[in-house]
Amino acid sequence: MTKKRGGVILLILIAVLIVGAFAFVAYRTPKTAEEATEVTEKDELMSKSITVNYPSTPREVMKLYNRYMLCLYGVEGSELKDEEVRTLGRKMREMYDEELLEANPEESHLLSLAQEIAAFRSNEKVMIQANICDSNEVDYIDVDGASGALCEASYFIKKGSKEFTRTYQQFLLRKDDSGNWKILGFVKVDGGEI
């Protein structure tokens, strides 16, 4: 009986050692370059297919729009290449109403965007945070016979190492023929409740 017990214990110990060795190798194996690559916010936004999963509410449109704003004007934006700025700008334009697109032709708009970002950086500014009003604070209105919505956003900006400001903008969105909320325009406003 003692020999059997000793044999069983020996088999259990060998099994534990094999499982332990396997676990050690599995968790210590270096990851491939593909596995080690972390998807950044910039990469996600650049590859995002906005039209496939278009945001369903004015607030969701503004939340996505503000992600693009933070990418362009935030800390990560200082490392963007010109073509990345253009790609992100084109993605933002997918959320614009036809009327806003007509008033801002793509090439002049993208050039203006690049210049604005360069001026923002030369003034040592960085967007730290972007907020959008709560759902119950969205004002639904009529815009030329179509459904419209007013949403307020705030942008917290750091200038240099010690100066902080908050800017408020009110966005006007309008439902298009497909039922998607598109940005028709925006205006800077005095501080709000965001």
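Me: What counts as a helix or a strand here?

Reply: Helices (H or I, at least four residues) and strands (E, at least two) are DSSP runs, numbered from the N terminus. The model is predicted: local features need pLDDT of at least 70, side-chain atom pairs count only at pLDDT 80 or more, and totals for chains, interfaces and linings use all residues. Residues are numbered from 1 along each chain as its sequence is written, and side-chain values use heavy atoms, with hydrogens and water left out.

Me: Which helices and strands each supply at least two residues of the lining of the largest pocket?

Reply: A pocket is an open set of points on a 1 Å grid over the protein atoms alone, where a 1.4 Å probe fits, with protein on both sides within 12 Å along at least five of seven lines; lining residues have an atom within 4 Å of a point. In this structure the elements are helix 4 (58-73), helix 5 (82-93), helix 7 (106-122), strand 1 (125-132), strand 3 (146-159), strand 4 (163-175) and strand 5 (181-189). Helix 7 gives the most, five residues.

Me: Which residues lie nearest the centre of the largest pocket?

Reply: M69, Y73, E116, Q169 and F186 do, out of 23 lining residues.

Me: What is the volume of the second largest pocket?

Reply: A volume is the space filled by probe spheres set on the points, which are joined across faces, edges and corners. For the second largest pocket that is about 160 Å³; for the largest pocket, about 530 Å³.

Me: How is each lining split by class?

Reply: Ala, Val, Leu, Ile, Met, Phe, Trp, Tyr, Cys and Pro count as nonpolar, Asp, Glu, Lys and Arg as charged, and the others, Gly among them, as polar. The largest pocket has 13 nonpolar, seven polar and three charged lining residues.

Me: How many aromatic pairs are found?

Reply: Rings of Phe, Tyr and Trp (its six-membered ring) pair if their centres lie within 6.5 Å; planes under 30 degrees apart count as stacked, over 60 as edge-to-face and the rest as tilted. A search of the whole structure finds six pairs. The Y65 and Y96 rings have centres 6.3 Å apart and planes at 45°, so this pair is tilted. Y65 is in helix 4 and Y96 in the loop between helix 5 and helix 6 (98-103), 31 residues apart.
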